[in-house]
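Reader: Hi, can you walk me through this one? I'd like to start with a single residue and then zoom out.

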There are 2 protein chains.
Amino acid sequence: MRLPPAVTIVARSGTGKTTLLEKLIRELTARGWTIGALKHDAHKFEIDREGKDSWRMTKAGATVTTINSSEQSATMRRHDLEPKIKEILERDFREVDLVLTEGFKASDLPKIEIHRHTLGQPLLCRGEHHDPHLVAIASDTKINLDVPVLDLNATDAIATFIERTFLK
Amino acid sequence: MRLPPAVTIVARSGTGKTTLLEKLIRELTARGWTIGALKHDAHKFEIDREGKDSWRMTKAGATVTTINSSEQSATMRRHDLEPKIKEILERDFREVDLVLTEGFKASDLPKIEIHRHTLGQPLLCRGEHHDPHLVAIASDTKINLDVPVLDLNATDAIATFIERTFLK
């Protein structure tokens with residue numbers, strides 16, 4: 001089974017992971033790639049809307065509920081055991097060119113870490129803990145590292161790095 | 001690739017398809033089966049909530065967005081061409097015992113038609129149009145047909161019919 005390439009954006013909180021992810025999705029989509037996005041949510045989330053038919057199906061006990069139209073579909077799943085990232089990639093993202101994710105710090109996905117000099121915090125993937133899956137840093141300042149350091153504010157350069165590393 | 005068995009509930013509108021579907025899901029889940037539910041929506045639906053991270057990813061251009069927690073996951077997909085039912089069954093429902101769907105009158109899924117005498121309407125799957133995929137009628141009155149006629153108000157009997165026909 002084909003697994004699409006995946007890259008995860010990691011950072012300490014408050015560094016703008018979601019905003020960078022959004023910009024990268026927009027840029028890579030504009031370049032013609034089909035992009036998947038995966039996000040972990042630590043909280044209980046209610047994505048469906050109370051009273052909708054799909055919500056009623058799930059409440060009645062359906063393990064999987066899909067609602068489908070000519071333009072889109074939505075699938076809600078309940079599980080007792082959180083699936084592994086690779087299981088989710090294989091299950092949901094087989095037809096995309098690349099999956100961008102946020103977080104999953106403990107995973108072995110290739111990682112791009114966001115670093116903001118102004119926040120004065122040490123890196124997550126270098127220093128005390130050396131993460132072998134770090135492939136680049138996106139930073140607002142110049143630092144010397146064993147991996148490429150990209151300009152955090154140059155989305156196009158980060159997108160080009162991702163293209164060259166994972167898509168060509 | 002394993003396709004789960006699927007049965008669709010068809011009826012003229014206003015006969016209570018969703019309510020019967022809900023009752024059957026509840027009954028079959030209580031009997032220990034894992035049930036999937038699939039529904040077609042003819043309208044534009046907005047299942048996600050404006051401003052949520054997953055909503056932002058989709059708006060940015062992601063073709064597939066999954067949000068995952070320890071208890072559930074939700075996947076939003078955009079498509080230009082509506083996938084065929086069998087593609088959806090294969091994609092989303094591989095791990096369930098049975099998929100219950102609503103509508104899909106023109107499909108070749110096995111069908112149970114709801115009939116209400118009080119509405120005074122002819123059957124969809126018998127009469128002018130003879131649907132070879134009709135497996136039973138759930139009716140509020142006794143009628144003579146070439147397929148089993150089940151009591152619309154006896155959810156347990158309908159569930160048992162489904163179990164015997166598709167699950168054992």
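Predicted model: local features only at pLDDT ≥ 70, side-chain atom pairs only at ≥ 80, totals over all residues.

Reader: Where is Arg126(A) found in chain A?

Author: In a loop. Arg126(A) lies between β6 (111-115) and β7 (134-139) of chain A.

Reader: Is Arg126(A) buried or exposed?

Author: Buried. The relative accessible area of Arg126(A) is 10%, and the cut-off for buried is under 20%.

Reader: Which side chain does Arg126(A) join in a polar contact?

Author: That of Asp146(A). The polar contact between the two side chains is 2.9 Å.

Reader: New topic. Which residues are buried in helix α4 of chain B?

Author: The helix covers residues 155-167. Its buried residues are Thr155(B), Ile158(B), Ala159(B), Phe161(B), Ile162(B), Glu163(B), Phe166(B) and Leu167(B).

Reader: And what do the buried residues of α4(B) pack against?

Author: Strands and one helix, in chain B itself. The strands are β1 (6-10), β5 (98-102), β6 (111-115), β7 (134-139) and β8 (149-151). The helix is α1 (17-30).

Reader: OK, zoom out. What rotation superposes chain A on chain B?

Author: One of 180°, with 0.0 Å of shift along the axis. The RMSD is 0.0 Å. That is how a two-fold axis relates two copies.

Reader: Which residue of chain A comes closest to the rotation axis?

Author: Thr75(A). Its C-alpha is at 2.5 Å from the axis. Both copies use the same surface, too: 100% of the contact residues of chain A recur in chain B.

Reader: How many residues does the contact take from each chain?

Author: It takes 60 residues from chain A and 60 residues from chain B.

Reader: What area is buried between chain A and chain B?

Author: About 5,500 Å². Carbon and sulfur atoms give 48% of that.

Reader: How many salt bridges are there between chain A and chain B?

Author: The count is 8. One salt bridge links the side chains of Asp92(B) and Arg77(A), at 3.9 Å from N to O.

Notes: Residues numbered from 1 in each chain as written. Chains lettered and ligands numbered in written order. Heavy atoms only, no water. Least-squares fit on C-alpha atoms with pLDDT ≥ 70 in both. Contact = heavy atoms within 4.5 Å. Helix = DSSP H or I, 4+ residues; strand = E, 2+ residues; numbered from the N terminus. Buried < 20%, exposed > 50% of the residue type's maximum accessible area, 1.4 Å probe, protein only. Polar contact = N/O pair within 3.5 Å; in protein donor to acceptor, adjacent residues only side chain to side chain. Buried area = accessible area lost by both parts, 1.4 Å probe. Salt bridge = Lys/Arg side-chain N within 4 Å of Asp/Glu carboxyl O.
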